[in-house]
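Please read it alongside the sequence and the coordinates shown below.

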Amino acid sequence: MAGIIGRSHRHRADIVPEGASDAREEPAAVRWTIIAIAIAFLSVFLVLPLVTVFQEALAHGVIPYFRALAEDDALAAIRLTLLVAAISVSLNLVFGIIAAWAIAKFDFFGKSLLITLIDLPFSVSPVISGLVFVLLFGAQGYFGAFLQAHDIQIIFALPGLVLATVLVTFPFIARELIPLMQEQGTQDEEAAISLGASGLQTFFRVTLPNVKWALLYGVLLCNARAMGEFGAVSVVSGHIRGETNTMPLYVEILYNEYQFVAAFAVASLLALLALVTLIAKALLERRAAAE
Amino acid sequence: MDIGIRNVTKRFGAFTALDNVDLAIKSGELVALLGPSGSGKTTLLRIIAGLEWPEQGHILFDGEDALSRSARERHVGFVFQHYALFRHMTVFENVAFGLRVRRRDKRLSEPELRARVERLLDLVQLQWLADRYPSQLSGGQRQRIALARALAIEPRVLLLDEPFGALDAKVRKELRRWLRNLHDDIHVTSVFVTHDQEEALEVADRVVVMDKGRIEQIGTPRDVYQRPATAFVHEFIGESIVIAVSVEHDAVLYDGKPIGIDAPEISTGAARLFIRPYDISIVAPEGAALCGTVRYIHGLGPARRVEIALGAEKQPIEVDVPRSQELTAGQQVGLVPHRYRIYATSP
């Protein structure tokens with residue numbers, strides 16, 4: 001029986017003539033056209049702008065480039081951006097893990113609402129995300145009088161920048177963790193507890209290591225977005241030079257003042273950040289796949 | 001340690017997973033909870049472990065209330081169906097986990113811990129895998145590591161959820177003999193859940209047959225096989241020929257005619273006659289109370305399986321017939337059951 005099947009199979013293979021192409025394959029012309037369109041598109045929309053940024057930044061040589069970056073206002077913008085990103089990413093790391101944990105491991109009333117809410121910052125314009133805080137904490141806002149009375153500055157200051165950035169970047173970490181945690185279920189945690197681990201031991205020894213690559217990936221994306229955020233931050237910043245200007249805002253100001261070299265020099269740092277993020281992301285994905 | 005399960009009831013919403021379950025497990029015993037999916041066997045195991053809490057009833061460990069203690073405090077070794085090994089830890093660290101998370105004052109020194117883990121890996125015969133990760137192991141190896149990990153905490157009771165469910169047939173057979181031998185060596189009270197009757201009958205000291213959240217029968221493998229207490233147990237364990245009959249004044253009637261069987265313990269009404277396929281003989285149709293037509297004859301082994309259509313049954317029954325007996329398809333035959341059980345059909 002097996003012999004007959006084997007022979008008939010070989011027979012069928014013999015029918016296909018030598019050198020005939022697979023039916024699934026497109027003709028060469030079609031293939032190359034598609035590839036060319038894809039490459040042309042990528043070049044015009046991604047590679048060209050990136051090259052232009054560096055070209056403009058270095059248009060007058062290396063010295064003006066570094067001089068632009070060494071300006072006090074530029075350094076202040078870089079410092080502020082790093083600070084805002086550091087605080088926002090840390091906060092979202094905590095919030096994201098808690099939200100993902102709650103959604104993936106427990107059933108509770110309003111869970112689907114929470115899942116929808118997590119995505120809200122993706123669907124809402126960043127300008128509105130910023131405006132919300134102005135309406136809440138601005139001089140004419142709901143808490144404005146209270147804050148003024150207690151001499152607390154939120155809008156046009158660091159807290160406002162952080163709040164706006166946290167809101168905009170909230171989904172990145174939670175979104176990475178939720179599907180993975182849901183897929184992994186609760187068996188590992190149950191095993192840990194039955195072996196005598198406490199809640200904290202279970203979290204740090206089992207839950208967290210199980211999601212570490214997704215977590216790092218989420219942190220990476222969250223950080224990139226936090227440093228690059230323009231809209232929400234622009235609304236709450238007040239654009240005070242050397243004080244509340246983050247890098248993206250500073251780039252805009254310089255550009256509007258026709259300081260192209262300086263504008264593109266700062267922009268090139270943001271572009272570099274993007275490249276570093278991409279490389280780190282690729283490395284992370286390779287490590288995660290290897291495990 | 002002995003385990004007392006008293007009137008335990010557990011509901012998930014409208015679904016009753018366990019309905020007033022009573023069970024006593026003796027110290028050192030190896031007990032199988034056997035039943036189809038949805039019978040509540042895994043829920044009962046999880047309640048014993050403290051991973052689930054009953055609405056009513058008590059769980060006693062050596063007579064002491066266990067429900068007031070969390071899973072963490074119960075000292076129960078639990079082996080999960082899909083092992084739940086920690087994927088980011090080596091085999092060694094997996095086994096060591098329960099020792100490393102102990103309270104500081106009870107923690108072992110590193111050399112003591114190493115010695116303990118090595119002894120356990122030795123016990124499951126996998127010391128050579130200590131530095132591997134779970135993803136590098138076969139299913140049977142993972143199973144044994146999960147067992148070693150559960151044993152590391154010196155559990156008072158070992159609970160195994162479908163321990164061989166995810167393994168292929170050959171490994172499953174090897175592993176269950178091995179588990180039986182291991183239990184004979186270490187004698188820790190053990191309860192395992194299975195839907196595979198062969199597994200339960202071969203490995204366990206006692207089998208608890210469950211259906212729809214209730215215990216149908218508790219007994220030795222021989223008991224539940226040879227003296228099934230209910231129709232469900234008869235049908236679930238081993239093969240059965242089932243014939244719908246009626247009982248009138250102690251006599252069993254098939255198709256309105258008496259078939260020469262008395263059932264004094266069954267009250268008048270509908271009943272079902274259960275016969276093992278090898279407990280029925282084929283005779284000449286003349287004068288036989290049960291008659292049928294041979295449909296198919298199959299099987300190449302010492303006994304052949306013959307499908308016989310009985311008068312009123314839609315489903316043909318399957319009877320084991322020795323090779324020596326000549327039969328042809330279409331032949332009229334008589335049937336004489338020589339061992340059988342009758343259960344009244346519950347209304």
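The sections below treat the chains, their contact, and selected strands and residues.

## Basis of the model

The structure is a predicted model, and local features are reported where pLDDT is at least 70. Side-chain atom pairs count only at pLDDT 80 or more, whereas totals for chains and interfaces use all residues.

## Domains of chain A

The domain assignment divides chain A into domain 1, residues 20-57, and domain 2, residues 66-290. Between the C-alpha centres of domain 1 of chain A and domain 2 of chain A there is a separation of 33 Å. Five residues of domain 1 of chain A and seven residues of domain 2 of chain A take part in the contact between them. On the side of domain 1 of chain A that touches domain 2 of chain A, four residues are nonpolar, none is polar and one is charged.

Within chain A, A:Leu163 belongs to helix 9, which covers residues 158-184. A:Leu163 counts as buried because 24 other C-beta atoms lie within 10 Å. Its C-alpha atom is 9.0 Å from that of A:Val233, although A:Leu163 and A:Val233 are 70 residues apart in sequence.

## Contact between chains A and B

The contact between the two chains involves 14 residues of chain A and 18 residues of chain B. On the side of chain A that touches chain B, helix 10 (187-194) and helix 11 (199-210) of chain A each contribute at least two residues. Helix 10 of chain A provides the largest share of that side, six residues. By class, the side of chain A that touches chain B consists of six nonpolar, six polar and two charged residues.

## Overall features of chain B

Chain B contains nine helices and 20 strands. Along the principal axes, its C-alpha atoms fill a box of roughly 80 × 45 × 35 Å. Of the 347 residues in chain B, 39% are buried. Among the contacts in chain B with a separation of 6 or more, 65% are between residues 24 or more positions apart.

Strand 8 of chain B, residues 189-194, is mostly covered, with six of its six residues buried. In a regular strand, side chains alternate between the two faces of the sheet. In strand 8 of chain B, B:Thr189, B:Val191 and B:Val193 point one way, B:Ser190, B:Phe192 and B:Thr194 point the other way, and all are buried.

Strand 8 of chain B runs parallel to strand 3 of chain B (residues 30-34), to which five bridges join it. Strand 7 of chain B (residues 157-161) is likewise parallel to strand 8 of chain B and is joined to it by five bridges. B:Val193 stands opposite B:Leu33, and B:Val193 is also the bridge partner of B:Asp161. Strand 7, helix 6 (residues 169-186) and strand 8 of chain B together make a right-handed β-α-β unit.

## Antiparallel pairings in chain B

An open sheet of five strands in chain B has the order 15-19-16-17-18, with antiparallel pairing. Its edge strands are strand 15 (280-283) and strand 18 (317-322) of chain B, each of which pairs on one side only. From one strand to the next, the twist averages 50°. Six bridges link strand 17 (residues 303-310) of chain B with strand 18 of chain B in the antiparallel sense; one position in this pairing sets B:Glu307 against its bridge partner B:Glu318.

Strand 9 (residues 206-211) and strand 10 (residues 214-219) of chain B run antiparallel and are joined by five bridges. In this pairing, B:Val209 stands opposite B:Gln217. Strands 9 and 10 of chain B form a hairpin with two residues between them, and B:Lys212 in the turn has a positive phi of about 50°.

## The surroundings of B:Arg341

B:Arg341 is located in strand 20 of chain B, residues 341-344. Is this charged residue, B:Arg341, buried or exposed? B:Arg341 counts as buried because it has 21 C-beta neighbours inside 10 Å, and the threshold for a buried residue is 20 or more.

Apart from neighbours within four places in sequence, B:Arg341 is in contact with B:Pro228, B:His234 and B:Phe274. The C-alpha atoms of B:Arg341 and B:Val242 are separated by 9.9 Å, and these two residues are 99 residues apart along the chain.

Notes: Residues are numbered from 1 along each chain as its sequence is written. Chains are lettered from A and ligands numbered from 1 in the order in which they are written. Domain bounds come from an automatic or database domain assignment. Ala, Val, Leu, Ile, Met, Phe, Trp, Tyr, Cys and Pro count as nonpolar, Asp, Glu, Lys and Arg as charged, and the others, Gly among them, as polar. Helices (H or I, at least four residues) and strands (E, at least two) are DSSP runs, numbered from the N terminus. A residue is buried if 20 or more other C-beta atoms lie within 10 Å of its own, exposed if 12 or fewer, and partly exposed in between; C-beta atoms are placed from the backbone. Two strands pair if DSSP finds at least two bridges between them. A crossover is right-handed if, with the strands pointing away from the viewer, the path from the first strand over the helix to the second runs clockwise. Axes are lines fitted to C-alpha atoms, for helices over the stretch in contact, and angles run from 0 to 180 degrees between N-to-C directions.
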